[in-house]
Structures are given as structure tokens and as C-alpha cells.
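My notes follow in the order I made them.

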Amino acid sequence: MKQYIKLTIAISLMVLIMPSCKKDLLNVDNPNTITEEQFWKTESDAEKGVNAAYAMFYKPGGWSRWIYFRLDLTSDEGFSNSPWIELADWTRFQYVNYNFWEGNAITWRDTYKAIFRCNQVLANLPEIPFTDNNKKELLLAQAKFLRGLHYYYAALLWENIPLVLEPSKPDDLPAQRPLAEVWAQVEKDLTEALAVLPVSWDAANVGRPNKGAANAFLARTYMQQRKWPQAKTALDYFITGAGAGKYELVTNFQDNFTHTNENNKESVFEIQFSDVNKGGDGDDPNQNMGHNRAQFFAPRGIGWSDGQARYWMVDEFKKEKTTANAIDPRLRYTLFYPALFADFGDKIYGRNWEWNANEAWFRKYQRDYFRTNEDYFAQNNVRLIRYADVLLMYAEVLNELDQTATAAGYVNTVRARSNMASLATAHPAVLMSKDAFRDRLKIERMLELCGESVRWADLKRWGDLETPAKVSAVAQRDPDFNNFVVGKHVRLPIPQTEVLNNPNLKQNDKY
Amino acid sequence: MRKRSLAPTFLHAPACMQKVRSAAGAVLLLIALFFTLLLSAQSTHTVKGKVTNQKGEPLEGASVTAKGANTGTSTDASGNYTLQVANAQSTLVFSNVGYADKEVAVNGQSSIDVQLQQGTADLGEVVVVGYGSQRKRDLTGAVAVVETGEVTKRQATTIGEALQGLASGVFVRGGGQPGSEARVEIRGLKNLTGTNPLYVIDGMITYANRDFNPNDVESIQILKDASAAAIYGSRAANGVIIITTKKGKKGPMRVDFAAKTSIQTTPRWDLAGKDEFVRLNYMAYDNANVPRQNLNLDVTTDWQDESFQTGYMQDYNVSFAGGGDNGSYMVSANYFKNKGAVISTGFDRISLRVNSQGSKGIFSFGENLAISNAKSDEMSGNPYADVVRLLPTIPVYDPANPGGYGYGSESRARTFGTNPVAIADLEDRALENFRVRGNIWGELKLLPFLKYRANFGYETSADNYRYKRKEGNWTLNQAYDPAIFNENRARYQSMLVENTLSFNKRFGKHSVNAIAGQTYQRDNYGQIWGTKRNILQNSSSGSYYWVLDQGSEPQVGGYDQKAILLSYLGRIEYNFADKYLLNAVVRHDGSSRLGRNEQWGTFPSVSAAWRVSNEEFFKVNFVNDLKLRISHGTLGSSSNLGYWDYLPVINTFSTIAMGTGQNVLPGATQVRLANQDLRWEKLTQTNFGVDASLLNSKLSVTAEYFIAKTTDVLTYMPILMTTGNDGGNPAVNAASLRNTGFELSATYRAEAKDFSYYVTANVTTLRNKILNLGYGRNDIFTGTTVTKLGSPAAMWFLLQTDGLFQTQEEVTNYKNKDGITIQPNARPGDLRFVDHNGDGQITNDDKIVLGSPWAKWELGLNMGASYKNFDLTMNWFGSFGSTVYNGYRSLVDRFDDNSNYREGIQPWTPDNTNTNVPRAFYGSTLNSRGDSDRWLESGTFMRLKFVSLSYRLPDALIKRIGFANAQITISGQNLLTFSSFGGLDPEFNNGNMFERGVYGFQFPNLKMYSAGLQFGF
């Protein structure tokens, strides 16, 4: 009997010591952050969701680093002389490993990462109650603008890509779309955004896209498809529409590239970079809000020097003097080149020229104007579209619509800021024909916009990459184009793992 | 009556136990059932006697049974026994742990004294099997027992590292680096994420990391199959390593001291010297028509001399142990120090252990407590790669560079290689862990056959990581960084509560051992971190003040993690006449890491064995013991998951600048996708085993064949980038895979007068096959591998090469069937690729499967011999038949980029065509592309892991100085390696399951020469 008592005591003890089996004992809540289910409930959630979409501008696949390699270095303005051969190969049409992260996959990934953020906003906001419905519409319009922008650049780079328009699920295998459908989606997003976005924002919200930004990107989208009348309609906004008189060229050309005069009257849309956080590229606390372009494009000994400028541009700048018989002042703020000190009295990050005599680097967005070194936290905003570009685009569109004489006026406005004589004075022959004007415009765009990530789109739009003869002409300026195969290299290969792992996606032609 | 007293108590079990009641209830019912079998046997003849060892000392607890009858007893403290047998013609079987069985015919005698001989093969050995122990001979599952002596002889930082080659089916790859952990894989790849087995140290469920002192080990058991591991349930899918630490023994205090000291040297690359480098570098530039770089011919640097040093290890251990009738104690202290073989690396550990136990009446109690502080100076960068990437013409120091160190230069040495001397000085990383790990248990022997045990385990560590970055550069064109200090402090806690009730009784020929219980474990981890930039510097000495008070631009962060595992378990072991053995386990597990509707799972297993040699009909003289085993069971697993992988969460860390004032605004969005219905990964294993002891127990053989099928494998399977997912692929129940394997372990021992020796061979073969992949996919591709249905994981998927073009004519004539020249741009000396799809060009579509990274078989060979006072031990380990990717060769042999070259390399030239190395060509990746089979090599190797020679001081001498024993040992590790592999170490470890065979400059195993001294008194 004694034994049974002991036994009973022991078993009761065991049951007592056992942790109380509350039904939800295993339901351990994550104390670190809110769940997806608990989010997308309030206006504040909606604002944060849109802000997170903007934050994708700070990621290395896009506008903090690698996209400049695709848009600037691959074009005939730039090249890479990096000792990292594979990195350099990806600026000269030598694509061997299509999964090469820095050259291809990260930009692809970050593009869709940004689109995922936009899609979350677009899918979830409609359900959130707002006291002011206009505010909701404005948030949705911003997400549409950003999605349109990212698809615009993806269309430029890879052309035939999947269109993901809903929040992603892990097992998604989205279907590839032909380029025309991708452009149509960009047009749709930008048009819908345009309808809602304001002409301008209050001071606290400067930096968000307005009607000008939407029209400018819409015009770019139409222009890439050579839909000139539609492009003109979009650009009319700046000339005769609600945006007329709102934009002006800044007096000092350099103000377009420094952090000291950002969001100025010339700015149409720019990325708001900041050096407040000195953190990493990941999605962690204190993540970097600056860009790394300056570190990657600075001359050897200062930065990585993974990208530099083709020297033909120096010569081009020097072909024509200002009305005061001086060197084109834009050259000073556009390039580092051997005679920079002799021509303008500027050293290179405080150094004398210590590089080869035929070399040049991009100076736009470099921070030598207040530093002697570079790092990963550049705070100067990158101007994706400025008014000078809009004017030159307008001139191009007018010329294509056979209004060459009118077009010249807009080019002259841009030239005048830099004390360059009017086209009629300096280059009368170019007013004689549409083709001659277009050829001049190609030079004008380089002089004004080189290193501002528009050249790759320009070359494609102008058809300069469509025949072997035209490509040879480009190769005169940039021998990397000797590797260019017509019909192949006009678009990038899609990352190979994406092609292999998605049955609904085919590799681009000829790859 | 007993049945009733049990059942109502359990009816009070809380609601969440309802699900288990059927399982646990069944076990309890069985226990109760056997109570009713408490019947005493009829007796007609009584035998008494005494059991002693060779020296005539009494053996306590030796088992005495009547063969073929259901009677048995065991000896008392004086070795005496009394047994009633059915008739006077019975045969008695005497057995005891560590001794050979002996059978004696009664022949009417009433007094039989027996002397047992110490067994050469330890048939009576007891092994720990989780919540109890079993005689090794009674095992029904696959359990490996590691020779602890072999483990402690080795100079190892972690216990995992010391296990290599000592047990079949256990794959170990060492870390090499000071303080690094080894990777242990039991019976192959069962899932696609983690492979680490579960460690149970004195009942505490934990992991035997570098804080654990291997000198404290008393015994190691490895539970390999599902039925053996099932009692540990959900965490045992990768196998279980049970470690029991040393306990005091009855008797006066015994003091043991051991000291080991070792020197370590790293293997080195055979790299070109300066002159050879210069010649080859000029050749590559000249072939490419690129102006030569202006190499600094005044400098000759041997980067390996600069980066590597002779490592040094010291290991001191002292222990005090003793005990009386009712208690025992063991106290040990250890100091371990390792100066690394790479500059600025090291590891340092101090640890203390107290194990004690006591008993009074039916109550006994014990505790195991270990306190340790481990500190490692971690490696910055990877010197093994950097010594290759740097050119011999770069100086170590260069005052012109910020920080004063030499590195690449655009005009003189175009490389981004990191100067290892610079980074060792400028970047310092240190991790320190203070850990307390222990458990306390109490046991009530309610009835002679019924025990209740409560076990409370607790482990905590205080972790501190410091990163100090001085101002200065270590590579070409580096971005400017000021002095930066980052520090984090973390606390880990794990609490374990276990209640078990065990029943152990023999009813004549029937023996029943049953256990039922419950366990609860909670893990917590919390960390805070801070970073400051522009750390204060003393302008005269140049030293920095590394505290977070100094500096500017503060950043802080922190987080908390928590997980709970709750389980109910039951096991029953039944033994009939030592012939038929049956073992059944059921476990009901709940995990907080799984989807809210998928938290619970029930996992049963059953195993049986038949000791053929105990059958009357079995009359094979040379077979002393023969046992056949079979087991089948299912285990659930969720421990590879993160804390909240099932939960889609919002990332709130993005911020943006907006407005004219560039105000910082918060952002929030989902970054990482999640699968919310994560459920248990299930491992179903079937095991067939044979244990045999032959030739007077001189030869013992264990063979196992197993089929392990894992379904619903939880893995972070790569998903498409078009999902926009980041922060890691989401966990998913994504695959099914099957491992089949065969393991054979054989030991032969022989003894003569002064000479004895043994040889143990462990052979393992393993095949894995993917049965099914997640998201409905048929394959997963990475840059170099494919994982495909019906094939092993991570097979090489590359372009195939077919030698070199020797002439321009060969290039032109290399055409497909349509006459298209396949590589029109190639030149003589370039690689010829195989156009598998016949489209006349070389593209990704020409890739095919070109080999497997999996070893066909692995061999462990352990040998020992002793002659008089000398002992010689050798452990060999070999791995055969794998194909690996040599990342080193893909760097040194490429020539398109600047790095040092392989010594003696012969690139193709018009005058030197008899070579397989393409022409040296700077600036083009076409010959050096990473996705070709040019870099595949055989991974086969055989290595002398360990050899030692020890000398026991003669008894006469040590008695005179008052010692009980003393021994001097010299040993060596990794001294000999036979391999054709061109990397630094064929025994490497790649943690990425999908790139398992990629050698990428992993830290190699080091050569080690040790001397040790051991004595006790």
C-alpha cells in the first residue's frame, strides 16, 4: 500500500511539474515586427508602404550602383577598364555567364523587388479606409508611377520580360511578354498616375513625382516606340500645358549634379539621396540612402574606377567655343580629363593629373567639389530627368514631326545657358534637313546630358544599333561596339537561372 | 488495482494531452499489463556461488540466468548469487558488462563459482540510448559507440572534429580555423538545409560547440536510424550524438592531469616565384596584344610567408574525482589555447566542470555543470585566396598608400587582391562566449522496478562580438572609411524540463523496460548592437579608443527570438530470453516554428532483433554471437527552420529622404515571402542490421543497410527573382529525397603475451536521389549545378570541353552537321567546347550533367597495437569517387585576370602544344569561364588523420613517485594525404547544399604535431 501512495504522489508530482498545457503555448508571437496580416490597415501603413517603394532607388541593382554600368558604360559614352575582367566584359557585350550577379542578375532582381513593393501598395490600398480619398489616390498614383518607371528601364534593358502586376507568391512562374506589351503597361501605369499626380507638391513632399515627371517618362516611353505625336502631347505639358513656366534652366550648369542645389527649378524628377545613414545595402536598420556611383566611377587611386568616359567626348566639347570664345563650360563639370586644370583651373580631388594622356572620367555626380576622397554614401541627388533633357526631347519630337525650325528654338535655349551660339549661327546646315538636325541633336544631347544615363535609350531609339553599318559608326567612338552583334546585344540576356527555373520564360534571341 | 491507480491520474492531464493519450496511454497500459506478470517461478534446484574476475575480485551485478528457462538473478556486492533452477541439469549463463559470457552446466552441483574473463569484444557493454541505457548486445536500432580513448587522444577543438572516421556513417569535415566548428553529417543528406545532428550532453539537449571541453567525455553514442533516435523525436532526424561526461567513481580521490602541446602548419599553394610569374604575366599580355603592365621587378614578396605562421596549441586538463557509497563527484578544469596558423587568428578557452551525484534510500540526485569562456580572434578576409590573388611583385608595405600597406596598382599590379597583412592589422574581429550549461536531476525509485525522474536543464551564454576597423586601405581603389567600431552583446538561454517514468523488470525469460514522459524546451536569443564611426584616436601613439562612447554617427539595433518545443514520449523494450528483442517508440511533438495549424505531429517507430546465436539449434562454433535487426520508424523535423519562417512579416527598416529639407520618412513593406502552411518534415527510415561476434569474440562485425526517405523536406528552395523576394528564400516543404546506404564496421582484436593489436574498418556507401521538388518544379539550377528529379542533388551541370585547338585548321573544321563553324573566333591554343545541341554555337543550352559531388564510399581505418608499455594508434580516413570543382584552379589557371599562377604551369604556345592548359590570354574570360568542366577534378583522397605513439611508464617507477599511472604520447594529425586534388585540402566543406562540391578556398585541415603527458594519482 505504501508503494501505491508513493506512486500516486510521484505521478501527481509529475503532472504538476509539467508546464501548464495552455492551448496556445506553442503560439509564440514574433516580438520583433508586425505581421503582414496586421499591416495595411491605416493611412500611415499606406504611406509607409509607398515610402518603401521609393527606398528601392537606394538599392545596388538599381540607382545606387549597377544600373549606371548598363546605361552609361555600355553606351558609347563610357567603358570599363576594370581589372575585374568579368565586370568590364559586361560593358563590352561579352556576356558569358548570364547569371553574373553584378552585371545582370542583381539589376533584374532589384527591378522586380521594386515592382513587388509597388504591387503590394496597389493591391492593398484600395481596402484601407481613408478620411480623404484624394490622399489615397495620390498614394496609388505614386506607386503606379514607380512601377511604370521600373518597367520602363527593364524594357530598355531586357525588352521581353514577365509583367508582374500582383503581389508575389513564392511559387509564381510569371509569363514572358513581348516588348510591345511591356511598353503598353508602362504607358498605362504612367497615364493613370498622370491623371492623379499634382502639378507640384508642397515643400515637405518635394521629390515625389508630379505631372511633369509622369509626362516626361510617358514621353520617353512613346519616343522609344517612335510614337512621336503621343510623345509631343505628353511634352506639350511643359510648353503649353499646366507645366509651362514652371521649369527653367539653372544658371550654373554644375547645380544639376551637387547636393547643394537639389530639386531646383530645372529638376523634373530626381532621386532623393542622403548620407544620413551610413549602413549597408540590405533591408536592415540604418540602410544606406546614398549612392555609390561616385565611388565606382572615381579615377584610379580615388575610387574603384570601374567606369570611365570615352575620350572622344573631350574632343567633341572642344570643337565649338562659346560666344565669348571660351571652352564650352559644360566640359568643366562633365568630365575629368588631362587638361582640366589648364582649361579651367580645377584639380582632380585635389590632385594633379596622374593618369594617362588619353583618359577621361565622368565628373557629374562625383563629389570632388567638396571632398578629396569618395565613399559609398553619396548624398547628391541623381536627376533622372531635368528640363534641359525635356527641351531636347521636345526638339527631337518636333523634328521627327517635320517641325525642324521650331525644334531648333528649344535646342538653342539649352545651348544659350552655356553661352553657345544659336544653331542658325553655329551650325546653319543642320537646319536644312530633318536628318541633319537629328545628327546634330545627337551631339547636342551628348554635350548636355552625357553621363546622365540617357545614352543607351538614345542609341536604341535612333536606330544606331540596328544595322552593322550604323554599329560600325558607333564603334568609331567606342571600340567596344566591335563586339556588338546586331539583333542580339541590343538587349541583355535574361539571367539564366530565371530561364531554366521558369518554364514560361525563354532566353532572349541569339543568346 | 495498479492499473486503476495509474489511469485516473492521467485523466487529469490537461486538454492538450488529449491527442497523445492514445499513444502514451497504450504504453502505460502495456506497463501495467506486465505488472500482472509478477509471478514467481516454480523451483526445484538451488545453486549458489560467487562470480569473480581474473584477479579473483568479486563482480557485482553480474547476470546469472538458466539457459532456456525464464529464471535469472544478479550478483550482490560480494559477487554472490543464489538462483533456483528448474532442474539440476540446467545450464547457467554468466554475463557481465565488459566480460565474455560463460556457460556452466549445473550437473547437480549446488555451488558454482565462476571466474569471468575480460571480454576482448565488449559484448556486455552498456550504451546510452536516450532516457535510459541498454546493453549494446540488446540494441535493435543502429547505434554506433565511439571509442572515447580515440577521441581524447586527438588534439581537437570540438568534439565533432574528433569524431571523424571513428564511426561508420558519420561524415565529418573539420573547420581548421582556430575555434571553428566542424560539420557533422550522419547518414547523408536528409534535407537541403542543415545537417547538424542533435547533441545530448548528460541529458541536456544542446549542441557540442567549441565551448565544450572534449577532455570531459566519458562516452559517446551515435544514434543513426529512426528507431534509435526516435525517442528524441523532432530534433533527431539528422541523428543524435549522446555525450556522457565523466563521473566520479567509488574510492579515494583520484587526480588526473593531462597536458598536450602541438604545433600546427598549414598546407601551402605551389605558386610561381617572381621570375616565373613575370614570364607568364608578360606572355598573357603579349598574347592579348595588351601593353605589358609595369611590374615592380625590384620587389619579391612571398605572400604565403607573410600570411602563414606556425600555429601553436596548448591544452591542459586536470580533474579530481572520487566517491563514497552514496555519492560521487568529478571536477575538471581545462585551459586551451590556439595561436592560429594564419596571422592574427587564435582561440582561447577556459572551462570548468563539476559533476556530482548522490543517493539516499529511494531518492537519488545529480547535477552536471560546465562553465566556460571561449574567445576567438577571427580571420579577416580570406588569406588563402588573397595569397593567390596578390602578385609577387607587390610589396607588403608601401608608405604611399593610406595605412602604409602595399596592394594592387593600376599601372604596376592590376589586382583587387587584399593584402592579408594589412587586413589583419586594420580589421579585427573577436567573438567571446561565456557559457553555463548544466542540468540537475532527481530520481525516485518508487518500486524496485519503477523510477520517476525529473530533469531540469539550463544553458545560457553571454556573447560579445567586437569589430574594430582602423583607418587605412588593404586593396586597390578602396572607398574611404573612417575608424569604425561595432559591438554586439547577446544572451542565449535554453531551458529544458523533462519528466519521465520508467519501468524495468525481468519476469523470468521476459524482460520489459518501458518509459513514458514529457519534455518541454524553450530557447531564447536576444541581441543588441551598436556601431560608431570616426572613433577617437590618440594622435601621438596612433591607437584608438575602442568603446561605443567614442566616435560619431551612432547606429543601434537589437532583436529577440523565442521558440518552444513540447513533446510527449513513450518507449517499450521487450526482451524474451535474450533471443527476441522488440522496441517501440512513439513521440508526439509540437513546435512553435511551424504553421499555426501544423504544429503537432505524431511519430512512431518500431524495431526488433533476433539473437540467432541463442537459439538451441544454432551450433556454429566460430560464431559467438549473432543478431539480426530490423527497424522502421518515422521522425519529424522542424529544427532547421528559423524562429518565424511561417509568418510573413513587414520589414520596417527602409527610410527615405523626402522634401526640400530631405526629411527622413519611415517605410514598411513585405520583403521576404513566406509559406504559411509549413508542416513537419518527415523522415521514414528502414534499417536492416547484423551484429556478429566471431572467432572467440576476436572479430566483431556490424553491418547495416538502410533506406531513409525524407518527405516534405523543409528547405529554403530558390525561387524566381521575378517574385522580387529578398532576405533569403522562403522556407517551404519542398522536396522528397531518398538516401540508401550500406555501412559496415568490423573490428579484429588479437592478443599475445606482450603484444596485442586491433584493426577496425568502417565503410560507408551512400546514394541520394531526389524524388520530388517543391512548387511543382522538376529541377533547380544554380550557376554550376542542377538538382533534378530522379538524380542525386547538386550534380555538375556545365559545358563540356574537348581539349585544345592545335591549329587554325582545326578551328575552321570544327563544324556541326550543317557545316557551321562552331567556334569561329577561337585561335589555336583555345578550348574546344562540345556543341551538345548541335546548333553550331556554344551557349548555355550545351550544358550537360557532368558528374556527382557525392563520394561513392568512405572508409575509416583505425588500427592500434601495443607491445609491453608502448601503444601505437593510427586512424586513416578515405573518401572515394566524388567529383569536385576546384575554385583555386579556376583562379590561378585563368590568365585573363591578374593573380599569381600555379608553379610549373605550361600554357599552350605554338612551341609547347603538348599541354591541357589553354594559351595565356589576358583580358578575355572565354577560356577561363567558370561554367565548364575544365575545373572539375576527382575528390578522392585517403588521409592519415591521426597517428600516435605512447609509452606507459613502468609500474615500478611510477609507484616509487606515488603515481597511479603515467603516460607520454607523441602524435601527429593530417600528416599524410594521398590525393590528386589540386586544391589545398580535399577534405573541404561547402555549406551550400546546392553547391556541395565547390572548393572555394575553405580553410584547410592543418598538419599538427603534438606531445602529451598524462598522469594520475
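Before checking a helix length, I note that the expected span of a helix is 1.5 Å times one less than its number of residues. I also note that the model is predicted.

Entry 1, a helix in chain B. I looked up α6 of chain B, residues 274-287. This helix has 14 residues, and from its first C-alpha to its last it reaches 20 Å, close to the expected 20 Å. Which residues of α6(B) are buried? I found Phe277(B), Asn281(B), Ala284(B), Tyr285(B) and Asn287(B). After the helix comes Asn289(B), and I noted its positive phi, near 60 degrees.

Entry 2, a four-stranded sheet in chain B. I traced an open sheet in the order β3-β2-β5-β6, with antiparallel pairing. β3 (72-74) and β6 (102-105) of chain B each have a single partner strand, so one side of each is left without a neighbour in the sheet. The twist from one strand to the next averages 20 degrees. I then checked one pair: β2(B), residues 63-66, is joined to β3(B) by 3 bridges, and the two run antiparallel. Ser63(B) has Ser74(B) in β3(B) as its bridge partner.

Entry 3, a three-stranded sheet in chain B. I read the strand order as β45-β44-β48, in an open sheet with mixed pairing. Its edge strands are β45 (936-938) and β48 (998-999) of chain B, each pairing on one side only. Strand β44(B), residues 883-886, runs parallel to β48(B), and 2 bridges join them. Opposite Asn886(B) I found Tyr999(B) of β48(B).

I recorded 20 helices and 6 strands for chain A. The C-alpha trace spans about 120 × 50 × 45 Å along its principal axes. Of the 511 residues in chain A, 53% count as buried. Among contacts in chain A with a separation of 6 or more, 66% come from residues 24 or more positions apart.

How do the axes of α2 (residues 43-54) and α6 (residues 133-157) of chain A cross? They come within 10 Å and cross at roughly 20 degrees. Angles under 35 degrees count as roughly parallel, and α2(A) and α6(A) are therefore roughly parallel to each other. The crossing of α2(A) and α6(A) is left-handed. On the α2(A) side I listed contact residues including Ala46(A), Val50(A) and Ala53(A). On the α6(A) side, the contact residues include Leu139(A), Ala143(A) and Leu146(A).

Note on methods. Residues numbered from 1 in each chain as written. Chains lettered and ligands numbered in written order. Predicted model: local features only at pLDDT ≥ 70, side-chain atom pairs only at ≥ 80, totals over all residues. Buried ≥ 20, exposed ≤ 12 C-beta atoms within 10 Å, placed from the backbone. Contact = placed C-beta atoms within 7 Å. Pairing = 2+ DSSP bridges. Axes fitted to C-alpha atoms, helices over the stretch in contact; angles between N-to-C directions. Parallel < 35°, antiparallel > 145°, perpendicular 65-115°, else oblique. Left-handed = near helix turned anticlockwise from the far one by under 90°.
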